[in-house]
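Hi,

Here is the structure I promised to send over. Have a look at it first, and then read my notes below.

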Amino acid sequence: MSQDLPKMSTRILKVPERELGKFEESEGQEKLWLWEVSPSEAPSIKILHEAADFLKTKDTPVGFPTETVYGLGADATRSAAVKGIYAAKGRPSDNPLIIHIADLEMLRDLLAPAPENTTNGTTNSNHDRIPEIYKPLIEKFWPGPLTILLPNPTPSKLAPEVTAGLKTFGVRMPKSPLALSLIKLTGAPLAAPSANASTKPSPTTAEHVLEDLNGRIELILDGGPCLVGVESTVVDGLCDPPVVLRPGGVSMDELRSCAGWEKVERGYKDQSELGKSAPRAPGMKYKHYSPKAKVILYEATFTAGKEGVQPTEIDMAIEARRSQHPPIENEQLAVGIIRTRHWRPAAGLCCGDFKTRETVKTDASQGNQDMIELDVQEADLYTSRGTTIGRLMDVGIGEDTRSIAQGLFSALRELDRRGADIIFVEGTLDDEDIGAAVMNRLRKAASQIRS
């Protein structure tokens, strides 16, 4: 599908997230009722107006930052625009999309059926259409990395391609002032999956978006690196007990602190994640987040991998290359290592002294203090017999879960860029914190899992 797209010229426009807007503060009004875009004539505001006009009039999506990952946005009420997302990403059309709203006024408008008046010519709006079960979550976690599932009214204002045939839709309010202002200026909710080619690692910088979608979209808004690094948590409160359909930036423990969510359960290891039925929510069905290299994940519970990669892995990789048709005999093997809490540099593999060490800043152009920095070391790679057979690239992404989440996708992309054939990843504990989200993404990226 996506290979038929005409080649486009892709622009990146830098938008510093300063004084872009705020929520209206009126006595008696709920705090997230209305987002107001700054009336300033600052260059940032002019760029957002340009992007909003683009979204209103064209069917090509726009890349933009949120606090989780970069999104690929299109007007969620226009079928042609939503189809542009599927085309640009090469995304299967039975995979639903999350929509992003600017404020609660926009959400309530979506939950009302498309204009359908009562007999006296007025619209019936006597009750709040936001289910009570979600109000404690909205109060605590919005704007932020939480997506809630809501019933899709009939007739719906959303394009049918958004829900992929489901009777519900996923919606969230991003924390990024840039995203909120862009949505508000567009005057419509934005359908916005991650701004990467389908199955590739999610993008946490504008440069990542350009790597995947250069020539497939026309406009990327650069607001600096994303601070969470994994996508939003997706929850379904329409069932009892409520369930988490996708782990993400809000943990199970945080959810359980809210009234009505004390007994929330995991629901993301169901059959739809295995590809046997339609997904209940975005991100549940297909192999996601995967680089070009073969990824071998070492689970934290894998005793034999506590100190690092088993040396026999390299011998097996060499043998696998020789058994290919035609066999690969003399080509150098490039091995990547992504370390978290326990592995030491080189992860126990045989190698020479590290010859080069480079600090990669994924968003150096922004001068942003929150840019993601990766320390990449390279050395000659040896077999267990001491024969040089390639190069080893080592990346440590930190010991705390938040650092791991923020650096994971960038590390996968950086090792891919350097030509890694195999990437060994040290997993973290699959607890009910953001670690669950990290491991969920890693298992989907992995070609093989050691457990």
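Helices (H or I, at least four residues) and strands (E, at least two) are taken here as DSSP runs, numbered from the N terminus. On that basis the protein has eleven helices and 20 strands.

Some housekeeping: this is a predicted model, where local features need pLDDT of at least 70 and side-chain atom pairs count only at pLDDT 80 or more, while totals for chains, interfaces and linings use all residues. Residues are numbered from 1 along each chain as its sequence is written, and side-chain values use heavy atoms, with hydrogens and water left out.

Of the 451 residues in the protein, 56% are buried (under 20% relative accessible area; exposed is over 50% and partly exposed in between, with a 1.4 Å probe and protein chains only).

Now the inside. I call a set of buried Ala, Val, Leu, Ile, Met, Phe, Trp, Tyr and Cys residues a nonpolar core if they are joined through side-chain atoms within 4.5 Å. The largest one has 82 residues, and Trp-142 and Leu-221 have the most contacts inside it. Helix α1 (residues 43-57) gives the largest share of this core, seven residues. Apart from it there is another core, of 30 residues, including Ala-334 and Ile-404.

Contact here means heavy atoms within 4.5 Å. Leaving out residues up to four places away in sequence, Leu-221 touches, among others, Leu-13, Ile-47, Phe-64 and Leu-182.

As for cysteines, Cys-258 is buried at 5% relative accessibility, whereas Cys-239 is partly exposed at 27%. There are zero disulfides in the structure (pairs of cysteine sulfur atoms within 2.5 Å).

Cheers
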